[in-house]
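Me: I have a protein chain open on my screen. Can you show me how to read its helices and cores?

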Amino acid sequence: MGISKKQTAELYLFELIERTSRFYIHLDEIERQFYFGANSKVEDKLIFIQSYKDCLLKIVSISAKISTDIAKMEGNSELVDKCLKTIKDSIVSINLLHRRHLNHLPRPSEPIELRRFSRIIDKHVIKLNKETSKQKKRKKRISIYVSEDIGDEVYAKDPLSEFKSKELNDIINAFNKDFIKAKVGLFESPKNLSDTIHITIPRIDTNNPCRWPTLIHELGHNIIHKDFFKTGKLKSDFDSILDEDQKQIIANIGQSNINIESWLLECWCDLFACVVFGPAFWFSQYSSFIFEIGNNFSSRYPKPLFRLRLIHNILLHRFSGTLFKELKDTIELGQSVFEHFDNNDPTGFNKDENVREVFIYFRDFFRKYFSKNVDEKTQFGTDILNKKLSPLIKYTDEIEETTIRDLVESLESGLPISSKRSKPGKLAEKPNYVQEILLAAWFFRNNNLKNDILKDLKKLSSTKKDELAKKYENSLLKAFKRFDQSILRSIQVSEWFDLFYDQKKILEIDSLEDEILKKIDIGINPRNQFVDIEIYQLIKSNDLKISPIINLKEQLGATSFDLRLGTSFQLYYQTKYGIVDFSEEETLRGLEHNSNLVDLDFLESITISPGQFILGHTMEYIKLPEFISAEIEGRSSFARLGLEIHMTAGFIDPGFEGVITLEIYNAGPNPIKLFPGIRVAQLKFIPITKPNKPYNKKDDAKYKGLMSLHTSMQFKDYEIGRIKDARAKLIE
């Protein structure tokens with residue numbers, strides 16, 4: 001693949017604007033959770049947040065100017081170098097803003113999906129920590145913390161062990177009183193085997209699932225065990241593949257500014273994560289490294305280009321096909337950014353003969369360690385590691401090209417990606433692996449999203465200073481938020497799908513589909529409402545989109561389709577802010593303070609008391625064609641308990657797209673516990689003549705494409721604006 005300087009500059013610029021936007025979104029979330037409705041002229045924290053945004057908007061302006069210069073780059077090496085240096089300096093400044101100043105602001109709550117990702121690691125990776133039969137088996141678990149730094153870190157033991165042993169123990173020892181030691185006691189050294197693995201992630205990446213696979217590398221530092229190596233040591237296994245001359249070369253190199261043993265450990269953790277998580281790990285590690293270009297690396301850590309090339313090499317060794325050909329081109333484009341700065345570094349990979357020599361030896365060793373034999377079965381370093389890793393690699397080795405392309409197509413259509421067809425031509429679905437979800441996300445991010453963002457960024461170059469924030473928020477920020485919501489929701493739904501998925505039921509669903517297909521030739525010719533055969537045909541033809549369909553047999557009724565309860569709820573309290581007056585902004589702020597958004601974790605529930613009103617949403621994302629309207633109703637089982645699923649908003653316009661917000665009211669005598677995933681509603685589909693302007697074509701459509709519930713936006717109706725203007729004139 002021939003990579004031009006223009007392509008390299010565009011990619012690096014995209015990384016800058018994404019980092020800037022994630023910082024900006026993080027500030028918005030702080031404002032929403034802690035200071036929503038406060039007066040920005042007197043609230044000190046809001047003034048501080050605006051100061052941050054001023055800095056970031058300045059970087060947006062610089063980025064927009066660079067985007068216009070990129071078109072002039074061909075043949076102008078001086079302009080290329082200038083733009084790339086400016087991007088690098090801007091990233092360094094963002095890192096500085098994060099490290100030094102962001103700790104002055106509170107941290108927003110972490111997304112529930114990050115906890116779900118922890119459970120995935122627990123389920124599929126932590127079991128590697130079970131020790132051999134000679135040792136006591138211990139149940140490990142992972143704990144993810146938010147950090148003010150820009151990198152990840154792992155604590156194999158107590159995160160405060162250093163403080164305890166070096167600070168508090170020193171105080172007790174210095175006091176030199178035996179009775180104090182006896183009564184207070186010294187902190188003991190942490191045990192080698194801890195029940196919890198502590199890992200950190202930068203706070204502005206907590207809502208960025210594409211970044212999470214790097215945590216698997218950090219986990220590798222705790223997973224690694226002597227039984228994974230034939231000699232009991234990684235370095236000794238590495239030495240065993242070298243001849244005497246090569247050993248001497250490595251010994252000489254080890255006396256220079258390279259710690260071979262430490263380099264081996266870092267690369268082992270990289271490649272362990274690569275095997276467990278697949279190609280998505282390369283991209284997440286690349287994303288982490290891109291913000292560290294220019295940092296001084298110690299002798300204990302190989303430079304990013306060394307590690308990325310090695311991961312790439314092992315991916316080439318383990319994956320093939322047209323899918324990976326596209327991945328290979330994208331990976332090489334990503335590496336071109338590092339190549340550019342490496343070529344200007346006298347100690348870089350391409351100019352340091354020792355580093356290149358070490359790379360070759362590492363490549364040969366790890367190819368054998370993470371090998372595939374002639375019948376394509378994977379064999380790892382030792383029988384024990386092979387036994388432990390073999391069940392895990394199905395999550396990467398079974399990734400199919402058609403699956404990834406289908407998932408990317410869903411993202412291109414604006415849909416979340418939560419499930420996949422179990423068989424070609426059938427509607428029965430099964431859950432996606434998180435490895436598949438994130439690989440599809442990276443495909444979409446590096447192509448469609450990048451191209452759209454760069455196009456919108458270029459438009460901002462002619463924007464006036466006082467209009468920049470608004471246009472930036474309505475274009476680039478909205479695109480990044482939409483992308484994150486799609487992927488986070490996909491991870492969320494995949495876990496629910498896994499809970500309700502039953503392989504045995506697939507046979508029943510297949511039988512149902514075969515039965516329907518025999519009757520499908522009657523065609524769609526409904527009078528007032530679609531029946532099951534017609535609903536099936538609409539879904540199969542993609543005219544009607546419902547995602548996910550967890551169990552077609554249970555959800556498809558004679559004249560309706562059952563919908564499940566989602567995981568987010570808006571809880572309202574007894575008012576203390578007075579009457580709701582949509583023409584008065586103060587009461588609108590009070591209305592927002594009068595409720596709280598709750599995101600439930602897996603298997604958590606919410607209790608709705610008699611007389612209580614809450615908002616919820618459907619787990620399913622619906623996309624109606626322009627010739628169908630729909631009506632939502634509660635299921636009779638819940639109605640008999642006094643539970644209303646909607647108040648008066650039961651009608652859904654043709655062309656509607658998104659999850660459906662549920663207005664839930666308990667009119668019964670008893671508190672009712674609601675669990676996400678249960679079927680609480682049913683949707684009826686009604687044929688109509690195609691309207692002149694369906695919902696998705698309306699400029700003022702307020703609830704279009706939502707991934708979760710939304711509170712009332714009635715204040716956006718044009719009548720409210722007219723009333724406010726008229727009242728203002730009367731006051732004048």
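**Helices and cores**

Reply: Start with a crossing: α17 passes α18 in a right-handed crossing. Right-handed means the near helix is turned clockwise from the far one by less than a right angle, left-handed anticlockwise. Helices are DSSP runs (H or I, at least four residues), numbered from the N terminus. The model is predicted: local features need pLDDT of at least 70, side-chain atom pairs pLDDT 80 or more, while totals for chains, interfaces and linings use all residues. Residues count from 1 along each chain, and side-chain values use heavy atoms, without hydrogens or water.

Me: At what angle do α17 and α18 pack?

Reply: Axes are lines fitted to C-alpha atoms over the stretch in contact, and angles run from 0 to 180 degrees between N-to-C directions. Here α17 (residues 401-412) and α18 (residues 434-459) pack at about 55°, axes 9 Å apart. The two are therefore oblique. Oblique covers whatever is left by under 35 degrees (roughly parallel), over 145 (roughly antiparallel) and 65 to 115 (roughly perpendicular).

Me: Which residues of α17 and α18 meet?

Reply: Contact means heavy atoms within 4.5 Å. From α17, L407 and L411 are among those that meet α18 residues including F443 and F444.

Me: Which residues have the most contacts inside the largest nonpolar core?

Reply: A nonpolar core joins buried Ala, Val, Leu, Ile, Met, Phe, Trp, Tyr and Cys through side-chain atoms within 4.5 Å. Buried means under 20% relative accessible area (1.4 Å probe, protein chains only). The largest core has 141 residues, and W268, F362 and F366 have the most contacts inside it. Another core, of 43 residues, lies apart from it and includes L427 and L538.

Me: Is L538 of α21 buried or exposed?

Reply: L538 is buried, as is Y536 in that helix (residues 532-540).

Note on methods:
Buried means under 20% relative accessible area, exposed over 50%, partly exposed in between (1.4 Å probe, protein chains only).
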